[in-house]
Amino acid sequence: MTIKLYELCGADNKMVFSPHCWKVRMALAHKGLSYETEPVGFSKVARIEEGESRRVPVLRDGENIIEDSYKIALYLEEKYPDRPSLFNGEGGKAATQFVTAWSQNQLHPIVARLVLIQIYHSLNDEDKVHFRTTREKTFGMTLEDFSATRGASSTDLHNVLVPLEAMLADQPFIGGQKPLYADYVVFGALQWLRIFKGQSLLKKGSKAEAWMETLLDMYDGAGRAATIAA
């Protein structure tokens with residue numbers, strides 16, 4: 001049976017932007033697995049596959065339904081062991097946990113602050129209501145006030161990427177000589193940024209920029225082919 005990936009989209013259902021969904025897209029490409037996608041708006045996510053509280057990405061593979069990008073990666077690694085490894089062993093899984101924690105707690109907040117308003121304007125009317133209501137409840141202020149008072153700059157981005165830049169001075173990928181799932185964790189966040197800003201905010205000539213450009217071109221340019229927000 002065909003693998004199906006449910007992923008978050010804007011009003012243009014070709015524009016899929018969730019960093020977590022991009023992790024899975026790259027993991028599937030890494031494994032050389034074919035799949036079909038089903039774009040879903042914010043307001044419909046919870047009901048994917050007749051669920052009540054789903055969160056994207058959600059993967060269906062035959063009778064198996066898995067949600068959460070890391071759990072999906074673990075599933076793919078176990079289900080398709082004859083395909084290229086996403087972790088290269090238990091040590092790779094442990095290292096990925098650290099990269100994920102750094103990305104979620106340091107990188108994601110910067111990107112979110114850079115793209116918040118662009119996300120809102122990219123949605124259909126129903127999803128705009130959902131997005132505004134849920135985010136403003138969390139922030140305790142309007143989206144506009146949040147962006148005005150807690151926005152981020154390219155300097156904030158460059159500062160948070162210092163550890164990545166330092167690592168890439170000695171090796172081409174986080175995974176070493178070839179990318180592993182840990183690379184896709186960081187790629188997902190920067191692809192999220194790229195989709196809404198239309199061009200990279202990475203420092204020109206940096207190791208991080210070269211790494212990102214390489215990943216965008218891998219797997220027949222799957223990452224570079226992403227639809228950019230209008």
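**Reading a predicted model: helices, burial and pockets**

Colleague: In which helix is the place of Ala148?

Modeller: Ala148 sits in helix α5, which covers residues 143-150. Helices here are DSSP runs of H or I with at least four residues, strands are E runs of at least two, and both are numbered from the N terminus. The model is predicted: local features need pLDDT of at least 70 and side-chain atom pairs pLDDT 80 or more, while totals for chains, interfaces and linings use all residues. Residues are numbered from 1 along each chain as its sequence is written, and side-chain values use heavy atoms, with hydrogens and water left out.

Colleague: Is Ala148 buried or exposed?

Modeller: The terms rest on relative accessible area with a 1.4 Å probe and protein chains only: buried is under 20%, exposed over 50%, and partly exposed in between. Ala148 has a relative accessible area of 67%, so the residue is exposed.

Colleague: Which residues does Ser122 touch?

Modeller: A contact means heavy atoms within 4.5 Å. Ser122 belongs to helix α3 and is buried because its relative accessible area is 13%. Leaving aside residues up to four places away in sequence, Ser122 touches Gly10, Ala11, Met15 and Phe196.

Colleague: How far apart are the end C-alpha atoms of α1?

Modeller: The expected span of a helix is 1.5 Å times one less than its number of residues. The 13 residues of α1 should therefore span 18 Å, and the end C-alpha atoms, 19 Å apart, agree with this. The helix is mostly covered, with eleven of its 13 residues buried; among them are Trp22, Lys23, Arg25 and Leu28. Just after α1, Gly32 has a positive phi of about 70°.

Colleague: Which residue other than glycine has a positive phi near 60°?

Modeller: That residue is Glu50, placed in the loop between β2 and β3. Glu50 counts as exposed because its relative accessibility is 80%. Asn88 likewise has a positive phi, near 55°, and lies in the loop between α2 and α3. At 57% relative accessibility, Asn88 is therefore exposed. The loop between β2 (35-40) and β3 (58-61) also holds Pro57, which is joined to Val56 by a cis peptide bond with omega of about 0°.

Colleague: How much space lies in the largest pocket?

Modeller: Rolling a probe the size of a water molecule over the atoms shows where empty space is left. On a 1 Å grid over the protein atoms alone, a pocket is an open set of points where a 1.4 Å probe fits, with protein on both sides within 12 Å along at least five of seven lines; lining residues have an atom within 4 Å of a point. Points are joined across faces, edges and corners, and the volume is the space filled by probe spheres set on them. The largest pocket holds about 1100 Å³. Its lining has 36 residues, and the closest to its centre are His20, Phe42, Arg55, Val56 and Arg135. Helix α3 contributes the most to this lining, eight residues.

Colleague: Which elements give two or more residues to the lining of the second largest pocket?

Modeller: This pocket has about 260 Å³ of space. Of its 17 lining residues, Ala95, Phe98, Val99, Met167 and Ile174 are the closest to its centre. The elements in question are α3, α7 (162-168) and α8, and α3 has the largest share, six residues.
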